Amino acid sequence: QVQLVESGGGSVQAGGSLRLSCTASGRTSSIRAMGWYRQAPGEQRELVATITSGGTTNHADSVKGRFAISRDRAKNTVYLQMDSLAPTDTAVYYCRVDLGPYYDHDYIKAGGTYWGRGTQVTVSS
């Protein structure tokens, strides 16, 4: 019901910056929240930052003060501005959307969680 396209990943030197973008299409009117998660080699996928449809944000302690999540409702796009990048930020970053219940031809449908394919971020020392 929702498709996600991520962009903005790449390789940077420590202390550099990147801006990730994730654009959603499909049942975007039912989106409750969008966010970014990351997974480093051999590690569990972890939350980086989320933003609800009402604008409430949440950032992991490890990125507070360095990363900032934002959104453009009209474009159904969420951004992650990453500054002061460190090698420990190296990971595959995944966009996620949480879809709430919605109506389809007068029948209510369950929501769900959708993930992008991921974009690689590599930070060298």
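How much space lies in the largest pocket? About 200 Å³. Keep in mind that this is a predicted model.

Let me stay with the pocket for a moment. Its lining is made of 13 residues, and the closest to the centre are Ile-31, Met-34, Ser-53, Arg-73 and Asn-76. Sorted by class, the lining of this largest pocket has 6 polar, 4 nonpolar and 3 charged residues. Of the elements, E4 gives the most, with 3 residues.

E7 brings me to the sheet. Strands of a sheet pair through backbone hydrogen bonds, and the pairing can be parallel or antiparallel. Here we have an open sheet of 4 strands, paired antiparallel, and the order across the sheet is E1-E3-E8-E7. Which strands stand at the edges? They are E1, residues 2-7, and E7, residues 67-72. Each of these has a single partner strand, so one side of each is left without a neighbour in the sheet. From one strand to the next, the twist averages 15 degrees.

E7 pairs with strand E8, residues 77-82, in the antiparallel sense, over 6 bridges. You can find two of the facing positions by eye. Ser-70 stands opposite Tyr-79 in E8, and Ala-68 stands opposite Gln-81 in E8. E7 and E8 form a hairpin, with 4 residues between them. In the turn sits Asn-76, with a positive phi of about 50 degrees. We have met Asn-76 already, among the lining residues closest to the pocket centre.

Last, the core. How many residues does the largest nonpolar core have? It has 29, and those with the most contacts inside it are Trp-36, Leu-80, Met-82 and Tyr-93. The elements that give this core two or more residues are E1, E3 (18-26), E4, E5, E7, E8, E9 (91-99) and E13 (119-124). The largest share comes from E9, with 5 residues.

Notes
Residues are numbered from 1 along each chain as its sequence is written. This is a predicted model: local features need pLDDT of at least 70, side-chain atom pairs count only at pLDDT 80 or more; totals for chains, interfaces and linings use all residues. Side-chain values use heavy atoms; hydrogens and water are left out. Two strands pair if DSSP finds at least two bridges between them. Axes are lines fitted to C-alpha atoms, for helices over the stretch in contact, and angles run from 0 to 180 degrees between N-to-C directions. On a 1 Å grid over the protein atoms alone, a cavity is a set of points where a 1.4 Å probe fits but cannot get out, and a pocket is an open set with protein on both sides within 12 Å along at least five of seven lines; lining residues have an atom within 4 Å of a point. Grid points are joined across faces, edges and corners, and a volume is the space filled by probe spheres set on the points. Ala, Val, Leu, Ile, Met, Phe, Trp, Tyr, Cys and Pro count as nonpolar, Asp, Glu, Lys and Arg as charged, and the others, Gly among them, as polar. A nonpolar core is a set of buried Ala, Val, Leu, Ile, Met, Phe, Trp, Tyr and Cys residues joined through side-chain atoms within 4.5 Å. Buried means under 20% relative accessible area, exposed over 50%, partly exposed in between (1.4 Å probe, protein chains only).
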